[in-house]
Amino acid sequence: ASYRRAVELRPDHLQALEDLGRLCMATEGWAAARGVYEELVARTRAPRVRAEHQLALARVTGKLGDVDKAVALFEEGLSQVPKHPEGRLGLGELLKAKDPKGARRQFEMALAGASPAVEVQARLARADLLEGPLADADA
């Protein structure tokens, strides 16, 4: 409530809006987070920061079930910040069902420069693919 109030009082204060978006994501308020990140993408001019907002919007959009739009947002954001392990991991998760080889590529790219937590997630996701869809394709 306090972040929403801060945004109402100072609508030009993008940091408060960004904090509100993170709070919505942390509490799994996906619909509210989508609106916040759509506004951030529209209002942010710095390409790298805008790409970070696009990646957050992609995660939220995927959580809301719009996989095709989420994939497009991930791809657009990653074109600006290609070495973004969390973005690569998120895109890989969305690609698992339709494009296992593409997902594997994303998980492998996520490993480069990843934090230990993201590295573990990427390795586990890659292992799941190797035991599932990719193992079936090799048979």
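Helices here are DSSP runs (H or I, at least four residues), numbered from the N terminus. The model is a predicted one, so local features need pLDDT of at least 70 and side-chain atom pairs count only at pLDDT 80 or more, while totals for chains, interfaces and linings use all residues. Residues are numbered from 1 along each chain as its sequence is written, and side-chain values use heavy atoms, with hydrogens and water left out.

The largest pocket holds about 300 Å³ of space. A pocket is an open set of points on a 1 Å grid over the protein atoms alone, where a 1.4 Å probe fits, with protein on both sides within 12 Å along at least five of seven lines; lining residues have an atom within 4 Å of a point. Of the 14 lining residues, Arg-59, Lys-63, Leu-89, Gly-90 and Glu-93 come closest to the pocket centre. Two or more lining residues come from each of H4 (47-63), H6 (85-95) and H8 (116-131).

As for H6 itself, nine of its eleven residues are buried, so the helix is largely enclosed by the rest of the structure. Buried means under 20% relative accessible area, exposed over 50%, and partly exposed in between (1.4 Å probe, protein chains only). Among the buried residues of H6 are Pro-85, Arg-88, Leu-91 and Leu-95. Their cover includes H4, H5, H7 (100-111) and H8, contact being heavy atoms within 4.5 Å.

Over in H5 (residues 67-80) sits Ala-72, which counts as partly exposed at 40% relative accessibility.

Methods: Points joined across faces, edges and corners; volume = space filled by probe spheres on them.
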